[in-house]
Amino acid sequence: MTNNLFNIEFGLNQIIEEKKIDRVSMCFCGSGKKYRKCHKKSYDVLSKLSLDNINLFLHALRETNEYKIAVYQRNQLLIK
């Protein structure tokens, strides 16, 4: 669950920064599949949204309790 939240955040940030993901690279979700066979279609749909909507979605993601817990747990691992 933790990695999924960070992977979603990564994908949305790629759209915001207008970076293209190479079709033959590994998918950012961590599935081990190639990007074109995994999340390319959903990435293409999301990239058609306005930047305001993407930023709104990203903000909503970061405000969830699950995300806050995941960040806390990641920071605890980095401290050790």
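Helices here are DSSP runs of H or I with at least four residues, numbered from the N terminus. The model is a predicted one.

**Exercise 1. Find which helices supply at least two residues each to the lining of the largest pocket, and describe that lining.**

Step 1. Start with the space: the largest pocket holds about 250 Å³.

Step 2. List the lining. It is made up of 14 residues, and those nearest the pocket centre are E18, K19, K20, Y43 and S47.

Step 3. Assign helices. At least two lining residues come from helix 1 and at least two from helix 3 (40-46). Helix 3 gives the largest share, three residues.

Step 4. Sort by class. Six lining residues are nonpolar, six are charged and two are polar.

**Exercise 2. Determine which helix gives the largest share of the lining of the second largest pocket.**

Step 1. The second largest pocket contains about 190 Å³ of space.

Step 2. Its lining consists of N4, N7, I8, G11, L12, I15, F28, C29, H39, S42, Y43 and L46.

Step 3. The largest share is that of helix 1, with six residues.

Step 4. By class, this lining has seven nonpolar and five polar residues, and no charged ones.

**Exercise 3. Identify the residues with the most contacts inside the largest nonpolar core, and state where the core comes from.**

Step 1. The core counts 15 residues, and F28, Y35 and Y43 have the most contacts within it.

Step 2. Helix 1 (2-16), helix 4 (51-62) and helix 5 (65-79) supply at least two core residues each. The largest share, four residues, is from helix 1.

Step 3. For background, nonpolar side chains in soluble globular proteins tend to be buried together.

Step 4. Take F28 as an example. Neighbours within four places in sequence being set aside, F28 is in contact with N7, F10, G11, I21, Y35, H39 and Y43. Among these partners are Y35 and Y43, which the core list also names.

**Exercise 4. Decide whether Q14 is buried, partly exposed or exposed.**

Step 1. Locate the residue: Q14 belongs to helix 1.

Step 2. Apply the cut-off. A residue is buried when its relative accessible area is under 20%. Q14 has a relative accessible area of 11%, so Q14 is buried.

Step 3. Look at the surroundings. Apart from neighbours within four places in sequence, the contacts of Q14 are K19, I21 and Y43. Of these, K19 and Y43 are named among the residues nearest the centre of the largest pocket.

How values were computed
Residues are numbered from 1 along each chain as its sequence is written. This is a predicted model: local features need pLDDT of at least 70, side-chain atom pairs count only at pLDDT 80 or more; totals for chains, interfaces and linings use all residues. Side-chain values use heavy atoms; hydrogens and water are left out. A nonpolar core is a set of buried Ala, Val, Leu, Ile, Met, Phe, Trp, Tyr and Cys residues joined through side-chain atoms within 4.5 Å. Buried means under 20% relative accessible area, exposed over 50%, partly exposed in between (1.4 Å probe, protein chains only). Contact means heavy atoms within 4.5 Å. On a 1 Å grid over the protein atoms alone, a cavity is a set of points where a 1.4 Å probe fits but cannot get out, and a pocket is an open set with protein on both sides within 12 Å along at least five of seven lines; lining residues have an atom within 4 Å of a point. Grid points are joined across faces, edges and corners, and a volume is the space filled by probe spheres set on the points. Ala, Val, Leu, Ile, Met, Phe, Trp, Tyr, Cys and Pro count as nonpolar, Asp, Glu, Lys and Arg as charged, and the others, Gly among them, as polar.
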